[in-house]
Amino acid sequence: MSYPDDEDIQLMQKLAAGEDLALNELMHRWRDRVASFLLRMVGDHATATDLAQETFVRLYTSRKSYKPAAAFSTYLFHIASNLARSHARWKGRHPTVPMENEAGDLTHDPVDPQPTPDDAASLNEKTALVNKAIARLPDEMREALLLFAVEQMSQAEIAATLRCSVKAVEVRVYRARQMLRQMLDASL
């Protein structure tokens, strides 16, 4: 069976064979996507960065047991997803108060520095609303939606990543979109 990420599978096999530099290439290729996914899952840049690093630590420690039974991205995002879930459980047991700016919005990076100030302010408001709504989704729905919409994984890949059925992925994405629509309609 051949996957579009055969290079990643070959790099993983090299890593398992003792070529530690293969990890650098995998990190270079996947670091931003994993960190972006984790940022949307946990809602905090520093935590997402830490979890992304931990994802690659886990990838390295599991290098010898890796079996290319599915796309490499499925394996990698499964690790990241598990770490995000573990973090959410830990955070539930150790609640903190988020830091907010004067407007009461959670701080976030600007999306695009090029628009006019009015357009940028409007875009930032909309982005903040969407990000807050996504953050309020149940974990299972948020994971499925982000893997589908942002990472553009197929439903089969998401099912393998989240260890559930394709139908469950379909339902989670559908329900996540419905909930988002309701939350955004209520906030506008």
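Arg142 forms a salt bridge with Asp139, and their closest N and O atoms are 2.6 Å apart; a salt bridge here is a side-chain nitrogen of Lys or Arg within 4 Å of a carboxyl oxygen of Asp or Glu. This is a predicted model, in which local features need pLDDT of at least 70 and side-chain atom pairs count only at pLDDT 80 or more, whereas totals for chains, interfaces and linings use all residues. Residues are numbered from 1 along each chain as its sequence is written, and side-chain values use heavy atoms, with hydrogens and water left out.

**Salt bridges**

- Both Arg142 and Asp139 belong to helix H6 (residues 139–150), where they stand 3 residues apart, about one turn of the helix; helices (H or I, at least four residues) and strands (E, at least two) are DSSP runs, numbered from the N terminus.
- Arg142 is buried, with a relative accessible area of 6%, while Asp139 counts as partly exposed at 32% relative accessibility; buried means under 20% relative accessible area, exposed over 50%, and partly exposed in between (1.4 Å probe, protein chains only).
- Salt bridges that share partners also join Glu7, Asp8 and Arg29 into one network.
- The side chains of Arg29 and Glu7 meet in a salt bridge of 2.9 Å, taken from N to O, and this pair links distant parts of the chain, since Arg29 lies in helix H2 and Glu7 in helix H1 (residues 6–16), 22 residues apart.
- Arg29 counts as partly exposed, at 32% relative accessibility.
- Within helix H3 (residues 45–61), Glu54 and Arg58 lie 4 residues apart, about one turn of the helix, and their side chains meet in a salt bridge of 2.9 Å, N to O.
- Glu54 is partly exposed, with a relative accessible area of 28%, and Arg58 is partly exposed as well, with a relative accessible area of 41%.
- The structure holds 8 salt bridges.

**Aromatic rings**

- Rings of Phe, Tyr and Trp (its six-membered ring) pair if their centres lie within 6.5 Å, with planes under 30 degrees apart counted as stacked, over 60 as edge-to-face and the rest as tilted; by this rule the count comes to 5 aromatic pairs.
- One of these pairs joins Phe37 and Phe77 edge-to-face, at 5.4 Å centre to centre and with 90 degrees between the planes.
- Because Phe37 lies in helix H2 (residues 21–42) and Phe77 in helix H4 (residues 72–93), the pair ties together parts that are 40 residues apart in sequence.
- Phe37 is buried, with a relative accessible area of 1%, and Phe77 is buried too, with a relative accessible area of 0%.
- Trp30, Phe37, Tyr66, Phe72, Tyr75 and Phe77 form one aromatic cluster.
- Arg63 lies over the face of Tyr60, at 3.9 Å from the ring centre; a charge sits over a ring if NZ of Lys or CZ of Arg is within 6 Å of the ring centre and within 35 degrees of the ring normal.

**The chain as a whole**

- Of the 188 residues of the protein chain, 34% count as buried.
- Among contacts (heavy atoms within 4.5 Å) in the protein chain between residues at least 6 apart in sequence, 62% join residues at least 24 apart.
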